[in-house]
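Please look at the sequence and the 3D structure below. This short report covers the ligand site and the nonpolar cores.

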Amino acid sequence: MKPARTLLLAIVLAAMPQACTTPAPQSATEAAAPSIVIYHAEGRRSERVVWLCEELGLPYELKFRRGDVAGSFADIQAVNPGMRVAPTVFYNGELLVESGAILEFLLDRHGGGRLVPETSSPDYATHLRFMHYAEGTLASDAVADYRVARATDGKAPRGEKETDGQRAMRFAEDHLAKHPYFGGSQFTAADIMMVFPISYAIRMNVADPAKYPNIAAWQQKVEARPAFQRMLTKARPDGRVSPPPSLTMP
Ligand SMILES: N[C@@H](CCC(=O)N[C@@H](CS)C(=O)NCC(=O)O)C(=O)O
């Protein structure tokens, strides 16, 4: 073979592997965009996942029957027969339940450090405390108070002695007397977690809102966030649908 032809062949062969390689994705975001399907019921805890996705700018598909909470739960039952619960989320087809765990999972994969303090920060322990306090203490105590009242006289507990739910509200109130957020010095996913049990305790008349002025100011502030407002538009377009009955005032 003539030297010129050998050189040409070498050039062609060197170029071939590149020509056969799969084209690179257009951007890292595009490559990483997951499929997130949120099974939701209006006014329920699945709003937390929608709110977080709105904060992070993460695309998601929202499934619920507008104005029909029972229908929304029937759809959840069909895809998650073992645990009919809102939120039920499918992440690239994988089933996720427990709103706190779902938020942590999405933040680990897609947060890029947003809405979670650095582990070395003094806020980190505060953030973690309220991430878990929201369901582990406040929601469980407020729901227990509500159920006990409904099973007895149906009246809002307003005696001298605090119920467990009221004590859990006071602990949150005292925290906000010293810190602007449940995340500590900044808004974090812990604040997203805390909105549901706090509004539940107030709306159901488990706790007297007049006793929690710091909570009222915090709630106004976090619910004014554009991502919360977008969540409302998409996930609660007609307000609360079929809320459980509030306790009656004694
Ligand atoms: N700890 C769970 C609680 C989930 C939960 O109880 N969700 C309620 C809606 S807010 C539910 O699905 N209840 C079942 C029903 O109403 O049938 C979480 O945070 O995801």
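How many Å separate a polar side-chain atom of Arg 45 from an oxygen atom of the ligand? The distance is 3.5 Å. This is a predicted model, where local features need pLDDT of at least 70, side-chain atom pairs count only at pLDDT 80 or more, and totals for chains, interfaces and linings use all residues. Residues are numbered from 1 along each chain as its sequence is written, and side-chain values use heavy atoms, without hydrogens and water.

**Ligand site**

Polar contacts here are pairs of N or O atoms within 3.5 Å.

| Residue atom | Ligand atom | Distance |
|---|---|---|
| Arg 45, polar side-chain atom | oxygen | 3.5 Å |
| Ala 86, polar backbone atom | oxygen | 2.9 Å |
| Glu 98, polar side-chain atom | nitrogen | 2.9 Å |

The protein covers 74% of the 500 Å² of accessible area that the ligand has on its own (Shrake-Rupley method, 1.4 Å probe). Residues around the ligand (a heavy atom within 4 Å) include Arg 44, Arg 48, Phe 73 and Phe 196. By class, this shell has five nonpolar, one polar and six charged residues.

**Nonpolar cores**

A nonpolar core joins buried Ala, Val, Leu, Ile, Met, Phe, Trp, Tyr and Cys residues through side-chain atoms within 4.5 Å. Buried means under 20% relative accessible area. The largest core has 58 residues. Trp 51, Leu 106, Phe 182, Met 194 and Trp 218 have the most contacts inside it. Helix 8 (residues 189-203) gives the largest share, ten residues; helices are DSSP runs of H or I, at least four residues. A second, separate core has nine residues, including Tyr 39 and Phe 90.

Definitions and conventions
Buried means under 20% relative accessible area, exposed over 50%, partly exposed in between (1.4 Å probe, protein chains only). Helices (H or I, at least four residues) and strands (E, at least two) are DSSP runs, numbered from the N terminus. A polar contact is a pair of N or O atoms within 3.5 Å; within protein, one must be able to donate a hydrogen and the other to accept it, and residues adjacent in sequence count only if both atoms are side-chain atoms. Ala, Val, Leu, Ile, Met, Phe, Trp, Tyr, Cys and Pro count as nonpolar, Asp, Glu, Lys and Arg as charged, and the others, Gly among them, as polar.
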